[in-house]
Amino acid sequence: MSRPEPVVAGAATSGLGARVQRLRAARGLTQRALAEPRYSAAYVSAVESGRRVPSADAVAHFAERLGVTPSDLYTGRSPADAVRLRLRLAEADLAGSAEEAAAVCREVAEAAVELAEPVLEAWARLGLAGAALRRDEPGAASAQLDRAEALLAGASPHVRAEAAVGRAGLAYHAGDPRYARYLLTEARDALLRDGYPDPSVLLVLHAELVRCHVALGDEGAAAEAATQALALAVLAAPARVAGLHLSVASSLLAAGRTAEAGVAAEQARHAARQVAMRWLLACCHRARGQGRRKAGDLAGALADLARAHAVLADAGQPTLAREVGVELAEVYHALGQPARAEALLRDAVDLGDDPVVAARADRVRGLLRDDDGDRAGAERHLRAALAGYRAAGRRRELAAVVLLLADRMQGWGRPDDALDLLREGLRQVEQLGERVAVLRATA
């Protein structure tokens with residue numbers, strides 16, 4: 001056996017020896033099992049009690065048997081600590097409220113500072129920024145983003161891209177989707193150009209791009225970005241997937257398999273982020289469904305819009321759910337399933353908070369009444385749609401319903417009424433155009 005080191009009086013029992021004892025107990029090892037074949041159980045006891053300071057060779061032996069590095073024993077810091085923080089970040093994404101998520105992210109940020117883990121601190125800061133936006137506190141969000149961007153200045157592109165997502169979210173919140181789209185596009189193109197196509201980050205970039213394209217009226221680009229995002233998403237129960245990865249990571253940590261635990265923790269975070277952005281992924285399904293419907297793929301549109309409708313209703317987004325419900329009713333009508341369309345329109349109550357959605361619903365109801373032979377009901381609903389679009393200043397939709405109702409009147413044997421409607425409708429569309437021109441000139 002190796003010759004024991006001399007006794008060092010006053011050695012701190014809360015230092016290296018205490019760490020050896022804690023890890024040995026966690027691994028279920030006896031002092032003899034840790035010591036052999038090079039040292040004795042008495043020597044391990046003396047080290048753990050602080051009566052002896054082990055040599056570098058002894059520390060290396062203990063570290064190997066305990067499944068850690070010598071640095072872990074000397075400093076008290078372990079790669080496992082960083083893995084635990086990653087698991088906490090995944091738990092923050094699974095949190096049900098902004099306050100709960102912020103509390104976890106603050107805890108992680110403070111711990112990451114102590115561990116000198118700048119990337120983990122930055123991720124926590126980004127989580128705090130997101131929570132601040134959910135509470136409508138853009139100033140606080142901006143301050144957290146500034147700190148995160150500074151911490152990530154030297155990181156690889158796919159890591160820095162996460163800060164770009166946060167900055168784009170702030171721009172979108174401020175009513176500037178065009179600048180948000182620019183930031184997201186630049187980040188996406190940089191990843192693909194420089195060889196860092198991280199699927200988790202690309203998923204978030206494409207999903208965020210969807211809402212920017214929608215806000216800017218670019219339906220084609222929204223559908224394409226939605227297709228890209230959904231191709232990267234975990235569609236089968238991401239909450240369950242995240243929970244399974246969390247469980248695996250915890251078990252690996254307990255077994256001292258830190259590197260494998262780190263991989264599981266990152267997979268947990270990837271799945272947990274999708275839980276946090278489930279309403280955004282629902283918007284991706286909506287955008288892709290709209291694109292499929294425009295291309296004539298009614299079955300594909302039905303699948304996407306139905307999924308979006310269900311997720312948005314479950315995710316506490318009632319206004320968006322009502323909007324998608326009306327779009328879904330249009331698809332059911334086109335597929336010849338009026339009962340399903342009627343049921344969706346009945347469920348889409350309180351549409352008065354959005355006159356455009358209410359007008360769209362009246363248009364569908366008018367078509368359904370016409371299919372039933374109820375001409376009076378059809379005309380009533382279509383005229384309500386005209387009034388709604390006119391009040392909302394929607395020229396294109398107004399013109400489309402004018403043509404639709406005039407065509408129906410012609411078919412009902414009322415050519416003079418159809419001509420009068422076309423004249424009046426054309427005048428109203430022109431008035432809306434003049435109003436828009438004036439607003440643009442004075443902006």
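I started with how covered H20 is: twelve of its 17 residues are buried (under 20% relative accessible area, with exposed over 50% and partly exposed in between, using a 1.4 Å probe and protein chains only). This is a predicted model, so local features need pLDDT of at least 70 and side-chain atom pairs count only at pLDDT 80 or more, while totals for chains, interfaces and linings use all residues. Residues are numbered from 1 along each chain as its sequence is written, and side-chain values use heavy atoms, leaving out hydrogens and water.

I then listed the buried set of H20, which includes Val356, Val357, Asp362, Arg365 and Arg369. Helices here are DSSP runs of H or I with at least four residues, numbered from the N terminus. What covers them? Helices H18 (318-334), H19 (338-347), H21 (375-392) and H22 (395-411) are among the covering elements.

Next I checked the length of H20 (residues 355-371): it reaches 24 Å from first C-alpha to last, close to the 24 Å expected at 1.5 Å a residue (the expected span is 1.5 Å times one less than the number of residues). Just after H20, Gly373 takes a positive phi of about 85 degrees.

I moved on to H22, where the buried residues include Glu397, Leu398, Val401 and Met409.

Last, I looked up Asp136, in the loop between H8 (118-134) and H9 (138-151). Buried or exposed? Asp136 is exposed, at 52% relative accessible area. Its side chain makes a polar contact with the His173 side chain (3.0 Å); that term means N or O atoms within 3.5 Å, and within protein one must be able to donate a hydrogen and the other to accept it, with sequence-adjacent residues counting only if both atoms are side-chain atoms.

Key:
Helices (H or I, at least four residues) and strands (E, at least two) are DSSP runs, numbered from the N terminus. Contact means heavy atoms within 4.5 Å.
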